[in-house]
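Please find below my notes on the model, arranged as numbered points. They begin with strand pairing and the sheets, and then turn to the interface and to backbone details.

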Amino acid sequence: MKCSIPTNVIVLVAVTASLALTGAQLGTAAQGSSPGREPVARLMLSVLATPVDGASAERANSGVDLALGESRGVSFATTSDLCTRAIGSSSQVPDVRGARHVWRVEFTLIRASTDRIVVDISMDRVEEPSRSARHLQRRLTLVEGTPHVLDFVERADAQDGECHTANLVLEISAALAETSTLAGQILDYDLWLVDHVPDGRDSTRHQTLAGVQGQQLPFRFDIRWPLAALVPSRQLVGDLVETVSGAIRGRARADGRIEISLTTSRVLAAGEGSTGDGGLKFFTMRDGERVSLELPASRGRRSALDASGGRSFVTDEELLQHHVTSVILSVNRRRQ
Amino acid sequence: MNESWEEMLSRFVDGESVDPDSLAEALASPEGRDALVDYTRLRTNVRVVPAEPTQAFYTAWRRNCAARPRPAGRSVSYRVAAVLIAAAALGGYGVDAWHRRPADAPPRVDRVLRFEPAEWRMEQGVSR
C-alpha cells in the first residue's frame, strides 16, 4: 500500500516551521537586546477585514512592548479565503491549517515621544505554496493611535457560502507606555480661538477640555463673517465660515513640564465649496502657561455670489487681509 | 358675667364713655362689681409708678454702662457691618465674574509660537 502525504499538510508544516524558527530568533534577539529596560512604547499590528457586502472592521491584532533600541516581531497568517486567521507575537506562532499568506513584521524602536514614535519595520510576506516572498523595510514616524497601512491582500478564489471576506488590510499603530508615577494624571485644557484684526474687533471662541494625560481630545471652533463686511467693495452675498478643529494630546513629564501635540485643521467655506489646510505642532509648556499658536495665512480661492446674482472669484488674502488667527492654550495638572 | 361687661368696665375705668344701661346691668351683679373694683385698683397702681426714670437711675447707668469701655471683638458697629456685607457681596460677584469670564476676553499670552513651514500642510485649493 502506497502512503502519501497531502500537499496542504506539507504546506502547513513548512509554514509552522518557518514561523517557529523566526519566532525563536526574534525572542532570542529581544531578550538579548534590552534586558531589564522599561518599555516606552507599544507597537501593534492590526488586521482589518472587508466583507463583500458590508463595512470594514478590525478582526485581529497583536502588539509588542518595546524599550528604546529593542526589536521584537509579530506574525500573521491566513488562508486563501481570508476567513481563517491567526496572529501573535513572535513567541506565539500562529497555527493556521493550510495557511496561504504569511507575514512577519519586526519592529525596532528608535525614538519615542508624544505623537512621534520613530520605528524601523521589516516585513516579510510569504505566499504559499510557491514560497514566493516579498521584503519591505521602512522607517516610520507614527502619531499615536493613527495607523500606517502596511499591506493589502485580496481574496483570489471564488466566494463560498460562509466566508464573505473580500480583502484584508494590515496596518501598524503605536502608543506610548504611561509611566506608573504619572499614569492617570488629569489635565485641564483651556482653549481659545482668536481672530485678530488690527483696528478692528477680535472674534473669539472658547472651549475647555479635560482628560487623562496621553488621551487625545478633539476641539472645534467656528467663526462666521458676512462677505460684504470683509470686502465691501465687491458687494458679495453670503458668509465666510472659518472652522478650526483638531485634537490635543498632553502628557505630563517627570520634570514638571507638559508635552503637547496639537493637530490643527482649518476649513474656509463660502457657500457650498470649501478648502482647507492644517498642521501638527509639538512643544512643551509649563503648568498654567498660556501659549499662543499662530496659524499661517490661508491661500485658498473661492467663488461667491455677488449682488447682481452672478459669481465671482475672491482670494483668501483679499477676504482675510490683515487677519491673524491663533489658538491660545493653557494646561493645568489637576490636583488629586 | 360675660366678655362684653369686662371690656365695657375696662373702658369705663379708663375714662371712656360707655352705655349707662350696660354699666348698670354690670354693676347689678357681684362679678361686675368685683371686676370694677379690680380695674380701679389696677388703674390706681399704674398711676403711682413714675413715668420718667429717676436721677439715680441715670447716675447708675452712666457708671455701669456708659462709661464702661467697649469690649473688643464682641460687637461690630453698623458701619463696619455694612462695609463687611458690601465687601462680601462684591467678592462674591468677582468670583462669579471670574468663573463666567466673557467669551470675548481671552487670557494674556505668555509665549507666541508659529507653525513652521515643515509643520503646516498648505493647500491652495479652489472652491466653487
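**Notes on the predicted model**

1. In strand E19 of chain A, Ser326(A) is the bridge partner of Glu294(A); strands here are DSSP runs of at least two residues, helices (H or I) are runs of at least four, and both are numbered from the N terminus. Two strands are taken as paired if DSSP finds at least two bridges between them, and E16(A) (residues 290–294) is joined to E19(A) (residues 324–333) by 5 bridges, the two running antiparallel. Glu294(A) also stands opposite Arg114(B) in E1(B), and E16(A) pairs with E1(B) in the parallel sense over 4 bridges.

2. On conventions, this is a predicted model in which local features need pLDDT of at least 70 and side-chain atom pairs count only at pLDDT 80 or more, whereas totals for chains, interfaces and linings use all residues. Residues are numbered from 1 along each chain as its sequence is written, chains are lettered from A and ligands numbered from 1 in the order in which they are written, and side-chain values use heavy atoms, with hydrogens and water left out.

3. The pairings of point 1 belong to an open sheet of 5 strands with mixed pairing, in the order E11(A)-E10(A)-E19(A)-E16(A)-E1(B). Because E11(A) (203–212) and E1(B) stand at the edges with a single partner strand each, one side of each is left without a neighbour in the sheet. From one strand to the next the twist averages 20°, where axes are lines fitted to C-alpha atoms (for helices over the stretch in contact) and angles run from 0 to 180 degrees between N-to-C directions.

4. How many residues of chain B are in contact with chain A? There are 26, and they touch 37 residues of chain A, contact meaning heavy atoms within 4.5 Å. The area buried between the two chains is about 2,900 Å², with carbon and sulfur atoms giving 55%; buried area is the accessible area (1.4 Å probe) that two parts lose on being put together, summed over both.

5. Across this interface the rule finds 14 residue pairs in polar contact, both residues at pLDDT 80 or more. (A polar contact is a pair of N or O atoms within 3.5 Å; within protein, one must be able to donate a hydrogen and the other to accept it, and residues adjacent in sequence count only if both atoms are side-chain atoms.) On the side of chain B that touches chain A, the elements giving two or more residues are E1(B) (111–114), E2(B) (120–121) and E3(B) (126–127), and the largest share, 4 residues, comes from E1(B). E2(B) is joined by 2 bridges to E15(A) (residues 273–285), and these strands run antiparallel, with Gly278(A) opposite Arg121(B).

6. The rule finds 4 salt bridges across the interface, a salt bridge being a side-chain nitrogen of Lys or Arg within 4 Å of a carboxyl oxygen of Asp or Glu. Asp110(B) forms a salt bridge with Arg290(A), and their closest N and O atoms are 3.4 Å apart.

7. Over all chains, the search finds 28 salt bridges. Arg249(A) forms a salt bridge with Glu144(A), with the closest N and O atoms 3.8 Å apart. Arg249(A) lies in E13(A) (residues 239–252) and Glu144(A) in the loop between E7(A) (132–142) and E8(A) (148–154), so the pair ties together parts that are 105 residues apart in sequence.

8. Chain A also has an open sheet of 5 strands with antiparallel pairing, in the order E4-E3-E5-E6-E7. Its edge strands are E4(A) (85–89) and E7(A), each pairing on one side only, and the twist averages 15° from one strand to the next. E3(A) (residues 71–78) pairs with E4(A) in the antiparallel sense over 5 bridges, and Ala77(A) stands opposite Ala86(A).

9. E6(A) (residues 116–127) is joined to E7(A) by 11 bridges, the two running antiparallel, and Arg125(A) stands opposite Arg134(A). Their hairpin has 4 residues between the strands, and in it Arg131(A) takes a positive phi near 65°. Pro129(A) is found in the loop between E6(A) and E7(A), and the peptide bond from Glu128(A) to Pro129(A) is cis, with omega near 0°.
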